[in-house]
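Trainee: I'm new to this one. Could you walk me through how to read it?

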Amino acid sequence: MADSVVLDPVDLHLLRLLQNDARTTYRDLAAQVGVAPSTCLDRVTRLRRAGVILGHQLRLDPAKLGRGLEALLSVQVRPHRRELVGPFVDRIRALPESRTVFHLTGPDDYLVLVAVADMADLQRLVLDEFTSQREVARVETRLIFQQWDCGPLLPPAGPGATPTAKSG
């Protein structure tokens, strides 16, 4: 288990602001938190180095990029050994259709979120890139009708808020 990272109320306030808009300038963050811009920069840099802030992402709409069909592929790998798992994950992550790969417990070893153009493209992907692989024992496909983003990781500040967060 990863080490805990102690976060004070200023750190938590910065994180709450950044998770809602990662493009907020240090000057604006500092004004909202009540610290100097240089202090804000130092704190955010420390949070990045500690691994609390993992990065900034640009989100794209798959449908507007010609990939309007999304699916979850449950994949069973046999035998489930490290020398097969590493190359399998690397190959799947390199596919332009792959959006997210989860390593699981239970009967399925992986859950892969993919975005494709249409059903024919999904069939091609499953047959050519998944089931054709020697180590893939089974693939189950579930189409995604709709998805919703959930709330931020950190809830809004309020009574009972704790200044300690666990990382990883």
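**Contacts, strands and rings**

Mentor: Start with Glu-97, which touches Arg-67, Leu-113, Val-114, Ala-115, Val-116, Arg-124 and Leu-125, leaving aside residues up to four places away in sequence. Contact means heavy atoms within 4.5 Å. Keep in mind that this is a predicted model, where local features need pLDDT of at least 70, side-chain atom pairs count only at pLDDT 80 or more, and totals for chains, interfaces and linings use all residues. Residues are numbered from 1 along each chain as its sequence is written, and side-chain values use heavy atoms, with hydrogens and water left out.

Trainee: Is Glu-97 buried or exposed?

Mentor: Buried means under 20% relative accessible area, exposed over 50%, partly exposed in between (1.4 Å probe, protein chains only). Glu-97 has 9%, so Glu-97 is buried.

Trainee: And where does Glu-97 lie?

Mentor: Helices (H or I, at least four residues) and strands (E, at least two) are DSSP runs, numbered from the N terminus. Glu-97 sits in the loop between α4 and β3.

Trainee: How many bridges join β3 to β4?

Mentor: Strands pair if DSSP finds at least two bridges between them. Here there are five, and the two strands run antiparallel.

Trainee: How do I read an aromatic pair?

Mentor: You describe it by the distance of the centres and the angle of the planes. Rings of Phe, Tyr and Trp (its six-membered ring) pair if their centres lie within 6.5 Å; planes under 30 degrees apart count as stacked, over 60 as edge-to-face and the rest as tilted. The structure holds one such pair: Phe-88 and Tyr-110 are tilted, 5.2 Å centre to centre with 50 degrees between the planes.
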